[in-house]
Every structure is written in C-alpha cells, then in structure tokens.
Amino acid sequence: MTPELVIDVGEQALKMVALISAPLLFSALIVGLIVGRFQAATSINEQTLSFIPKLITLVVALFVAGPWMLQLMINFTRRLYENIPNMIG
C-alpha cells in the first residue's frame, strides 16, 4: 500500500464525513440563527429556548436526508471493500 493510496482513501473518507454531516449541521445552523434573532428581538435570554427547535429540526432533517446519507455510506463502503485486492497487491 503506497502513501499516495493511503492519502487518497483518507481524503475520500473526509469528503464522506463532510457530505454526511452537512445536512444536519446546516439545518441546525439555520434554526439557531432564526431563534437567535427572535431572542435578540424579544430580549429573551434563555439558553434552553433554542434546544427544542434544533432537536426537532435535526430529527426532521435526519428523516429527510437519512436515506441519501445511508446510500452514500453504503456506496463508499462497497467501493472500499471492492478495492481491497487492488490496495494490497
């Protein structure tokens, strides 16, 4: 196994992590910004106020993007397992 191959597999894994985490992170970011603006406009300084909307948004995003995320992981794992003979020899 060459160093270039190790770096390539690591790069692909990092891209997968970014793709899989992006829908959840962006949805939590958007809801956090909306709740933050609401708190700033109403002068409500309760830290736990943003927790429930973010949690609900993450669950919805997981249900919506979950099949796509699972398919990405399955395809990546399948390609990785299929390339094991090429990586070894």
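Where does Ser 43 lie? Here are some notes to get you started.

1. Ser 43 sits in the loop between helix 1 (3-42) and helix 2 (51-82). Helices here are DSSP runs of H or I with at least four residues, numbered from the N terminus. Before going on, note that this is a predicted model, where local features need pLDDT of at least 70 and side-chain atom pairs count only at pLDDT 80 or more, while totals for chains, interfaces and linings use all residues. Residues are numbered from 1 along each chain as its sequence is written, and side-chain values use heavy atoms, leaving out hydrogens and water.

2. Have a look at the backbone of Ser 43: its phi is near 60°, a positive value in a residue other than glycine. Most residues other than glycine have a negative phi. Ser 43 is also exposed, with a relative accessible area of 59% (exposed is over 50%, buried under 20%, partly exposed in between, using a 1.4 Å probe and protein chains only).

3. Helix 2 has a kink of about 55° at Ala 65, shortly before the proline Pro 67. That bend is the angle between axes fitted to the seven residues ending there and the seven starting there.

4. Ala 65 is also buried, as are Thr 57, Ala 61, Gly 66, Met 69, Leu 72 and Phe 76 of helix 2. Helix 1 is part of what covers them. Leu 72, for one, touches Met 16 and Leu 19, leaving aside residues up to four places away in sequence; contact means heavy atoms within 4.5 Å.

Terms used. Helices (H or I, at least four residues) and strands (E, at least two) are DSSP runs, numbered from the N terminus.
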